[in-house]
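Trainee: Please take a close look at one part of this model: the helix packing.

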Amino acid sequence: MHFSVFTHAEHFEGENTYFSYSPYIREMNIWFDFIDEVTIIAPLKNKKTAIDSSYNKNVEFAPIKTINFTSFKNSVISFFRIPVIVLEIYRAMYKTDHIHIRCPGNIGLLAALVQILFPGKSKTIKYAGNWDPKSEQPWTYRFQKWILKNEFLTRNANVLVYGEWSSRTNNIIPFFTASYSESNRNTYIKDFSLPQKFIFVGTLSEGKRPLLAVQIIHKLLQDGSKVFLDIYGSGIMEEGIRKYVEDHGLESNIILHGNQNAQVIMNAYKNSHFSILPSKSEGWPKALAESMFFGCIPVATSVSCVPWMLGYGNRGFIIEPEVGLAAQRIKSILSDEMKLNILSIKAQQWSQVYTLEKFRIEIKKLL
């Protein structure tokens with residue numbers, strides 16, 4: 001089978017292979033285990049980052065230009081690039097046996113439109129964003145979702161979405177992602193005696209609200225709680241967060257570690273009690289699912305499939321995106337070690353269902 005991937009994920013060419021964002025690469029490597037030939041249709045970038053990794057299979061690469069509409073200049077440039085990109089997408093879809101589209105994103109939107117012209121070809125479409133039909137989202141995201149769930153426009157396709165949603169069309173399949181193997185499964189018993197450790201893992205961007213996580217920990221400290229926060233990740237908000245920590249004398253309680261490899265993150269989960277992620281929007285929040293695998297109690301806002309992941313409060317804390325209310329919600333149970341242990345066990349029992357082995361089985365079924 002010839003398998004073609006259409007994605008906005010930027011790639012770096014080097015060392016006779018291609019590199020991109022590690023979680024995406026790890027997932028695609030599993031798909032490629034069942035594939036003979038692969039073509040990647042995606043933009044290129046100039047340098048590799050600390051959180052990039054490479055494909056474990058030789059792939060053919062068809063580079064396309066990036067497009068974005070973040071400024072007037074970029075919008076004009078992107079407008080003139082679109083016809084060329086659409087032509088490249090059409091050519092790749094014409095030649096391939098199986099179309100695999102990664103959404104949401106600008107390239108995913110163009111690919112979702114072009115795939116309409118190939119109703120007979122088999123397709124898998126991974127929608128890695130928030131599928132919640134009631135959420136407020138950009139019109140481009142809503143438009144992509146409308147195309148994908150329209151069984152007349154998107155034929156012979158399995159559309160993979162995160163979470164269980166009512167009133168879905170027949171081509172929509174609730175799906176998941178995985179990071180750890182059956183060999184990592186265990187019963188991780190946490191010692192919830194003081195001090196208690198929180199962990200934030202993710203991009204330090206406005207969408208993830210890392211500053212809100214810092215402010216919640218700051219409020220807990222002001223209220224007398226003995227807590228720590230380890231932050232793993234980098235991004236445009238990093239310097240602002242570092243300044244906030246320094247300005248408020250929080251260096252001994254809040255530590256920024258930057259981007260770290262998967263082994264470091266896994267050890268951090270094992271040594272933490274809570275995982276905090278007060279995001280504005282999510283698809284499948286890997287940081288929560290991964291931390292729950294090792295018994296961390298998730299603390300998150302009610303976005304996307306997060307309430308379902310947290311058992312609607314039975315295996316974690318659903319908080320409001322407001323410092324005082326969130327800190328009060330967390331503090332109300334910090335001293336109840338028995339309750340915390342129950343939440344921790346329930347969190348890992350749920351997360352440890354979604355292993356890499358199960359992920360492989362489900363992908364094989366799709367192909």
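Mentor: Helix α5 passes helix α10 in a right-handed crossing. A crossing is right-handed if the near helix is turned clockwise from the far one by less than a right angle, and left-handed if anticlockwise. The model is predicted: local features need pLDDT of at least 70, side-chain atom pairs count only at pLDDT 80 or more, and totals for chains, interfaces and linings use all residues. Residues are numbered from 1 along each chain as its sequence is written, and side-chain values use heavy atoms, with hydrogens and water left out.

Helix α5 spans residues 210-222 and α10 spans residues 323-331. Helices here are DSSP runs (H or I, at least four residues), numbered from the N terminus. The two pack at an angle of about 60°, their axes 9 Å apart. Axes are lines fitted to C-alpha atoms over the stretch in contact, and angles run from 0 to 180 degrees between N-to-C directions. The angle makes α5 oblique to α10. Under 35 degrees counts as roughly parallel, over 145 as roughly antiparallel, 65 to 115 as roughly perpendicular, and the rest as oblique.

From α5, the contact (heavy atoms within 4.5 Å) takes L212, Q215, I216, K219 and L220. From α10 come V323, A326, A327, I330 and K331. By class, the contact of α5 with α10 has seven nonpolar residues, one polar and two charged. Ala, Val, Leu, Ile, Met, Phe, Trp, Tyr, Cys and Pro count as nonpolar, Asp, Glu, Lys and Arg as charged, and the others, Gly among them, as polar.
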